Amino acid sequence: MQKNNEQWKNDYEDQGYFVLRNYFKPKQMDALRKVISTFHENWKSDNKQFYQEEAFNSSLITGSQYLNSLDRIKLFNFISSNEIMQVVDSLIPNQPAFMNTQLFFDPYNAEQTNFWHRDCQYDYGIEDQKKIIQDTQVVHFRVPLFDEPGMELVPGSHKRWDNQEEYEVRQEENNRVSSEALSTGKEIQLNAGDLLVFSADMIHRGLYGLDRLAFDILIFDSTGSGSIYADYVDSDCLPDKSQLEVIANPRLFLNTLALTI
Ligand SMILES: O=C(O)CCC(=O)C(=O)O
C-alpha cells in the first residue's frame, strides 16, 4: 500500500499525472452512472440552447439545482470514498479541500473542436500563470463513466513553462489554433472504472468521441497560497449539516467549509 502511494506521488511530481486502471468496483460505477445520468438529463433539458450551441461540460454537479438530497449524498460519499481519499492523501497530505465537480460530454455540434489549455489561463495573465504553476496545486480526478477516447496531456508541463509550439497553439498566436496537434502531447485512453489524476495547470485537452461522460472532481491544497481557491467554491455544492452527518468521511468538505465561513 505504502509503495503505491509513493509511486503515485512520484509519478504526479515528475509527469503531472497518472492513471489507475480498473480502480473502481463495477458496483460503484453503476451507482455513480445512475446519479450522474439524472443530473445530466435534468441539466440538458434546463440548458437546451447552451447545450446545442456550444457546451462541452457542466459544473456544480453536487449542487441542489438538479439532484435531490439522497443523490447528492451518494455523490458526496463517492467523492470522499476510500478510493479517492487514498490518492488525495498521497498527493496533498495537509488539508486537502473539495473545490467543485464538472461533467465532460461530447459537444452537440460534432464540428466543434477541442482546445489545449492550462486551467489557470482563464483567470490569470501570462506572468501570473508562470507563478501559479510553481506555487499552487489543484488536482483533477477524472472518472470516466463509459469507455472514452480520454485526454491528451503534455507530461511534465505542470512544472515548466510552454515551449514555443505549445505557447503559440495554446494562445492561438502566429496563425495557430488551439485544436492543432502538439508534438509533446500524449493521448491517454480511458475506460469506465479507471481513474485519471492530473494537474489542472498542466497543458491538456479533452478528446471527444464515443458519447463520453466523464465526472471530474477538483481538489486543492488549501495550505499557504492555495487558500485563494476557496473563492472558487460555490457553497450550494457543499453538504449541509444533516448531509455531513451521513457522509462516511466528510474531512474533504469540512476542510473547505473551514475556509469559506
Ligand atoms: O474533457 C474535456 O473536454 C476537457 C477537460 C478539461 O479541460 C479539464 O478537465 O480541465
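A residue is termed buried if 20 or more other C-beta atoms lie within 10 Å of its own, exposed if 12 or fewer do, and partly exposed in between, with C-beta atoms placed from the backbone. The model is predicted: local features need pLDDT of at least 70, side-chain atom pairs count only at pLDDT 80 or more, and totals for chains, interfaces and linings use all residues. Residues are numbered from 1 along each chain as its sequence is written.

Strands (E, at least two residues) and helices (H or I, at least four) are DSSP runs numbered from the N terminus. The loop between strand E8 (204-206) and strand E9 (213-221) holds leucine 210, and aspartate 211 lies in the loop between E8 and E9 as well. Most residues other than glycine have a negative phi. Leucine 210, however, has a positive phi, near 60°, and aspartate 211 has a positive phi of about 55°. Leucine 210 counts as partly exposed because it has 14 C-beta neighbours inside 10 Å; aspartate 211, with 9 such neighbours, counts as exposed.

Because 8 of its 9 residues are buried, E9 is largely enclosed by the rest of the structure. Two strands are said to pair if DSSP finds at least two bridges between them. Strand E3 (residues 96-105) pairs with E9 in the antiparallel sense over 9 bridges, and alanine 97 stands opposite phenylalanine 220 of E9. Strand E4 (residues 138-144) is joined to E9 by 7 bridges, also antiparallel; here arginine 142 faces aspartate 216 across the pairing.

Strand E5 (residues 148-153) and E8 run antiparallel and are joined by 3 bridges, with leucine 153 as the bridge partner of histidine 204 in E8.

Histidine 204 and aspartate 216 return at the ligand, which is surrounded by Phe56, Phe104, Asn114, Asp119, His140, His204, Gly206 and Asp216. A residue is near a molecule if its C-beta atom, placed from the backbone, lies within 6 Å of it. By class, this shell comprises 2 nonpolar, 4 polar and 2 charged residues; Ala, Val, Leu, Ile, Met, Phe, Trp, Tyr, Cys and Pro count as nonpolar, Asp, Glu, Lys and Arg as charged, and the others, Gly among them, as polar.
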